[in-house]
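Have the structure open while you read.

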Amino acid sequence: MTSPVHAPQNQTPSRESYYLTTAIHYPNGEPHIGHAYEMVGTDVMARFQRLDGHDVYFLTGTDEHGQKMAQTAEREGITPLQLATRNSAAFQRMDDEVLDISYDRFIRTTEREHHLASQEIWRRMEAAGDIYLDRYSGWYSVRDERFFTEDETEVREDGQRYATETGTEVTWTEEESYFFRLSRYQQPLLDLYRERPDFSGPRYRFNEVIRFVESGLEDLSISRTSFDWGIDVPAPAAGSGSRPTQDHVMYVWVDALTNYLTGAGFPETDSEQFRRFWPADLHVIGKDISRFHCIFWPAFLLSAGIELPRRIMIHGFLNNNGEKMSKSLGNVVAPAEWVDRYGLDAVRFFLLREFSFGADGSYNHDAVVGRKNADLANNLGNLAQRSLSMVAKNLAGAVPEPGEFTAADRALLEAAAGLLATARADYAVQDYHHALESTWAVLGDANAYFAEQQPWVLRKTDPERMATVLYVTLETVRRVALLVQPVMPGSATQLLDLLGVEASGDAGRTGSSGAGPRSFAAWDAALVPGTVLPAPRPVFPRHEEPDAG
């Protein structure tokens with residue numbers, strides 16, 4: 001079984017590599033806007049890095065094993081593989097047809113090469129003396145694929161016991177299990193966190209992980225015998241004294257986390273792919289799986305003697321009108337519904353502009369429309385349309401020749417010029433909200449500048465000054481358009497077309513975006529006076545609701 005691979009383009013050793021991943025999604029149901037949020041947040045990072053000249057490898061996919069997949073398949077009267085194949089395809093359609101996600105590989109954990117990678121990391125952890133056979137008894141949540149201690153659960157009015165943290169039903173489970181010596185890695189993990197304070201972010205979420213480790217780690221059950229839909233535990237090494245393991249499958253998190261290694265070419269550690277892209281530069285995950293990624297994953301890697309990823313970004317949850325999305329409330333939103341209603345670029349912009357990526361956020365119709373109309377149509381769109389229309393009507397539709405710059409001109413140009421450095425610093429810690437906030441602050445200055453300079457008046461009183469004001473405005477819009485390509489690739493491309501910027505790359509979709517007039521390498525390549533521009537047209541129309549009739 002193979003998964004779609006979008007081979008990275010223009011891979012050359014001379015370019016610095018950048019490997020990033022989403023968490024792989026559990027295809028037990030249809031994708032919703034929360035899944036889209038993580039995909040967009042990672043896609044924006046991938047596009048930014050490509051535009052900044054990096055050789056990017058972007059991995060996403062689906063996590064297809066586990067008891068709840070087996071149970072759902074049984075209820076539907078199909079095999080677990082049939083369920084996984086059907087629902088995995090739905091996630092890939094979301095990426096390809098709805099969100100325009102620029103992944104390089106879509107991995108499925110049912111692939112043979114992933115089975116080989118998972119069994120190899122198991123062997124390495126076993127060789128390190130970190131895996132042993134015992135029995136487990138405890139409260140287990142099928143939905144969370146996770147055990148809970150007694151004090152992490154509560155009995156509710158219906159007489160059922162639930163996990164306090166996640167609200168999911170738990171059942172008492174006793175079975176033979178292989179264990180990973182997680183307790184051995186408590187101090188090494190704390191040392192890691194101290195030595196690498198940016199290993200995870202945002203800091204307040206990372207602090208929660210650190211406090212959990214400080215409270216003490218227990219060894220981790222990493223196999224199951226109660227179901228068989230998973231990756232077989234490899235046979236013990238000769239002479240280990242352990243009994244055969246045909247009835248054990250890997251705990252889903254050993255399997256799932258290893259996908260990041262599989263995507264990089266593991267266990268072929270001497271391959272060009274692995275040497276180029278591991279360790280991962282960035283894992284983007286939701287807050288509900290932060291312990292698995294910030295505790296289990298580095299512990300597994302330390303045990304296996306594999307270099308650790310450089311950063312794990314923990315994003316928050318999306319709520320609908322302040323309420324958690326759930327089928328019972330009927331407030332789950334499909335990504336295609338949002339895109340159909342507001343437009344893809346408006347959705348992508350809203351998700352990253354409205355609130356910080358690490359925080360929980362809430363959305364509703366008015367909030368999305370407000371961002372679309374105020375920030376896009378009124379602010380960026382109106383400024384571009386007004387200035388380009390004046391150039392078309394008064395300057396023969398060509399980039400104007402500026403005169404000597406005034407203090408006001410220089411202030412705006414310098415503010416726009418500084419945006420790339422700000423964005424690089426913000427993107428390094430996935431603070432997309434601040435990057436966009438800074439960009440729109442400059443756009444606010446540009447709109448104020450345009451209103452104060454009154455080029456429509458200068459047209460009659462001082463045409464040369466009018467040309468300078470229009471040039472400064474267009475050059476500011478050019479830099480903004482370059483910078484927002486990762487967030488709004490379609491709209492930014494249209495803006496750059498209207499500004500006469502020679503086409504190059506594909507707004508960060510592939511490595512071809514790392515050079516040319518639309519890459520960040522051309523940040524200081526100002527508009528050339530005399531360049532003939534196409535007829536202006538609106539790029540950001542205001543949101544209008546369709547007629548009810």
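On the α14 side, Ala 408, Asp 409, Leu 412, Ala 415 and Ala 416 touch Val 442, Asp 445, Ala 446, Tyr 449 and Gln 453 of α16. Sorted by type, the residues of this contact come out as 7 nonpolar, 1 polar and 2 charged. Keep in mind that this is a predicted model.

**Helix packing**

- Helix α14 covers residues 407–417 and α16 covers residues 432–453; they pack at about 160°, with axes 10 Å apart.
- Because angles over 145 degrees count as roughly antiparallel, that makes α14 roughly antiparallel to α16.
- The crossing of α14 past α16 is left-handed.

**Aromatic pairs**

- The count of aromatic pairs comes to 31.
- Take Tyr 19 and Phe 277: their ring centres sit 6.4 Å apart with the planes at 65°, so this pair is edge-to-face.
- Tyr 19 belongs to strand β1 (residues 17–22) and Phe 277 to helix α9 (residues 272–277), so the pair ties together parts 258 residues apart in sequence.
- Both Tyr 19 and Phe 277 are buried.
- Trp 338 and Tyr 363 also make an edge-to-face pair, at 4.8 Å centre to centre and 85° between planes.

**Ring cluster**

- Ring pairs join up a cluster whose members include Trp 338 and Tyr 363, along with Tyr 37, Phe 48, Tyr 427 and Phe 520.

Technical notes. Residues numbered from 1 in each chain as written. Predicted model: local features only at pLDDT ≥ 70, side-chain atom pairs only at ≥ 80, totals over all residues. Heavy atoms only, no water. Axes fitted to C-alpha atoms, helices over the stretch in contact; angles between N-to-C directions. Helix = DSSP H or I, 4+ residues; strand = E, 2+ residues; numbered from the N terminus. Parallel < 35°, antiparallel > 145°, perpendicular 65-115°, else oblique. Left-handed = near helix turned anticlockwise from the far one by under 90°. Contact = heavy atoms within 4.5 Å. Nonpolar A, V, L, I, M, F, W, Y, C, P; charged D, E, K, R; others polar. Phe/Tyr/Trp six-rings, centres within 6.5 Å; stacked < 30°, edge-to-face > 60°. Buried < 20%, exposed > 50% of the residue type's maximum accessible area, 1.4 Å probe, protein only.
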